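Here's a quick briefing on aromatic rings and the strands around them. Have the model open while you read.

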Amino acid sequence: MTEHPTSHEGRQPPRAARPNAPADPRGALLRTPDPAETVEPESRDSRAPRESCEPRESREPLGSQGSVRAAAALPAKGRPDDDAEHSQPAPADASGDEGHRPRPETPPTDIGRGVPMQPTGADHSTRRGADAAPAGHTGAGRTAADHPEAGTEHGAGGAALPPGGPREPAPPTLPAPGPGNSRREADRLRFVGAATRRIARGIDLDEIVMGLCRATVPTFADAILVYLRDPLPVGDERPVGPVVLRLRRTDRIPENADDTSDTGAESGQLLPALPVQPDLAPAAELCEVRTGGALAEVLRGVRPVFADAPAARAALPELLGEDRAVPNGRRAILAPLRGRRRVIGAAVFLRRPDRAAFEQDDLLVAAQLATHTALGIDKAVLYGREAYIADELQRTMLPETLPQPTGVRLASRYLPAAETARVGGDWYDAIPLPGSRVALVVGDVMGHSMTSAAIMGQLRTTAQTLAGLDLPPQEVLHHLDEQAQRLGTDRMATCLYAVYDPVAHRITIANAGHPPPVLLHIGGRAEVLRVPAGAPIGVGGVDFEAVELDAPAGATLLLYTDGLVESRLRDVWTGIEQLRERLAATAQLTGSDHSPPLEALCDEVLDMLGPGDRDDDIALLAARFDGIAPSDVAYWYLEPEDSAPGRARRLARRALARWGLEDLTDSVELLVSEVVTNAVRYASRPITLRLLRTDVLRCEVGDDVPQLPRLRQARATDEGGRGLYLVNRMARRWGATRLSTGKVVWFELNRS
């Protein structure tokens, strides 16, 4: 015969939850169901002393942290009538079995807390052990609601005072050990781990803030507001001016469509002035933190606080606005967001009135979320600053726009190795030279770091300076090699330097370990130019060799870096052959009588890259050779004598008449006479005079004197010094370029 206990009190509370209980609609935490346990009877001597129960009308809800956790850890009792009913042995029925009440099921756990939700008025603050307080006394576990005359706020860490006056506070009651308390702690740890992982996945500011919102709503809170400083401080910089917080993002549980209750915090609708869409764009609401105000004090304290704390009561209206409703009691948490150096914002977590309030341990959860979010935002801001610096460095190192020299059309492309590292060591350039020539440069510095980009900038500046001296291509590479050795022993780079002459239709190329260029002819034939390979820049002690090739009109020269033709999936020569075939196929599509469009050709070349071919950054420079027809060029040699200016005027007049540009005769004769006169005064060798007819009329005068003329203001008593002043006033553009054999002074006039 089975013996039953004589009292319901002696029975262990069951822990098995309903297996098919509906999930909480607000996204409950992952709960581990406990297997059903067999209730074993206890002996009367092994039971703990029973605390006397108060009448039903005098029972009050749990309040402070200690009592909440203690009550949550202990088994919930039944109603007083049930206790009285089971205080005597239950009568047996006709079959001989003893009657007893079914065991109550474990109530569902509240979201984010793990505290069983019980009906109002049926809570029991039970304390077990030798220090249990007798009925009718207020211990450390009571709340301020039990004694309204007590003046200590529990949100600030104090204890409630009994009606009789101050008394020594009782030591806090720790949660009773048991599987329920361990399960709640495990749920809280799982939530914090999952939330911090979601926040850490964000790489930019919006992703991190959205990760915080999506991780906490609805699991931890019903609504969240995230405020950030505007502007956000970067690194160690100290912002100037008042601290301003901007509402960056909000998230909340959408309201039911059939909800007809009044708006406001008491009816469950939080902050009715805010939209309810979870994907809310950054709002334009600002809050200026007053120096010495309540919000400033909370932010300075760094730690999260409940809404019922004295500091938060004044800080929340200052942050949210006086017209915003804030839930009463412990249904809101204000958590400052502190980065590495300073507070960068604040987060507000809110819960509805129909949901259990926050408890003391939730402050630790809010602190963890705020800390991870603030550090992530700090890193995102620093990453954004680095990306901004990289973009600015890229725009500075590479030409913003390409020049439009006479007789050649240019197009370029630059692709970084990755979006997170937008600057590498590849560069390209097009530099106009005297005589309507143009220098085409492409290079690649080893590495993809900021150091490589800085070295690239120095080499590009050196190449521009050497091009201005009109040195031969092999001499330019020689000086670049010396400059690289001065920068360091491990500064290596490849470079290809070419000079195109549109009048002679020739191109001179020197190579320093760079992939060879590809020339696409107008008929569709693509060939890899045979140029000396040379040693990379920075090796030192090597000679560079230049080769001169034909550059027919209509042909396209393609200069590129090795990132276009070399990858982990193919070697460089295989990639060059694929590039040649791609160019030939593209030219066949446009026909054999004209060349493909230059911009479209660059896009077609980049389309040959596969998914695994972006191992390096890519620089691409395409040059279409139009050239200048011999009929549009007039060239003479003049002896440096007094009759040279008059002869120059007569030759220029005849050329203009042949081209039908008689309207420019007077201006050209005057300017040519002034420039040739200045050259005759100092030159010792024959003077060159050349006229070029393109979209403008260009005149070039060369001599063997390296000193460049300078524009100056002549005095009233000076007999000379007004020639360049006339050139500057009448010409469209003018300039002077130093050559290895002297200099060239040129000017341009509009044809109409």
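Is Tyr635 buried, partly exposed or exposed? At 41% relative accessibility, Tyr635 counts as partly exposed, where buried means under 20% relative accessible area, exposed means over 50%, and partly exposed is in between (1.4 Å probe, protein chains only). Keep in mind that this is a predicted model, where local features need pLDDT of at least 70 and side-chain atom pairs count only at pLDDT 80 or more, while totals for chains, interfaces and linings use all residues. Residues are numbered from 1 along each chain as its sequence is written, and side-chain values use heavy atoms, with hydrogens and water left out.

**Ring pairs**

- Rings of Phe, Tyr and Trp (its six-membered ring) pair if their centres lie within 6.5 Å; planes under 30 degrees apart count as stacked, over 60 as edge-to-face and the rest as tilted.
- Going by that rule, there are five aromatic pairs.
- Tyr500 and Phe625 make a stacked pair, because their ring centres are 4.2 Å apart and their planes sit at 15 degrees.
- That pair bridges distant parts of the chain, 125 residues apart: Tyr500 belongs to strand E10 (residues 493-501) and Phe625 to strand E16 (residues 618-625).
- Tyr500 is buried at 0% relative accessibility, and Phe625 is buried too, at 1%.
- Tyr635 and Tyr637 are edge-to-face, since their ring centres are 5.4 Å apart and their planes are at 80 degrees.
- Tyr637 is exposed, with a relative accessible area of 55%.
- Phe191, Phe220, Phe349 and Phe358 are linked into a cluster by ring pairs.

**Charges over rings**

- A charge sits over a ring if NZ of Lys or CZ of Arg is within 6 Å of the ring centre and within 35 degrees of the ring normal.
- Phe220 has Arg351 over its face, 5.6 Å from the ring centre.
- Trp746 has the charged end of Arg698 over its ring, 4.3 Å from the centre.

- Strands (E, at least two residues) are DSSP runs, as are helices (H or I, at least four), numbered from the N terminus; two strands pair if DSSP finds at least two bridges between them.
- E10 is mostly covered, with eight of its nine residues buried.
- Eight bridges pair E10 with strand E9 (residues 437-445) in the antiparallel sense, and Val442 has Leu496 in E10 as its bridge partner.
- E10 also runs antiparallel to strand E11 (residues 506-512), joined by seven bridges; here Tyr500 stands opposite Ile507.
- The hairpin of E10 and E11 has four residues between the strands, and His505 takes a positive phi near 55 degrees there.
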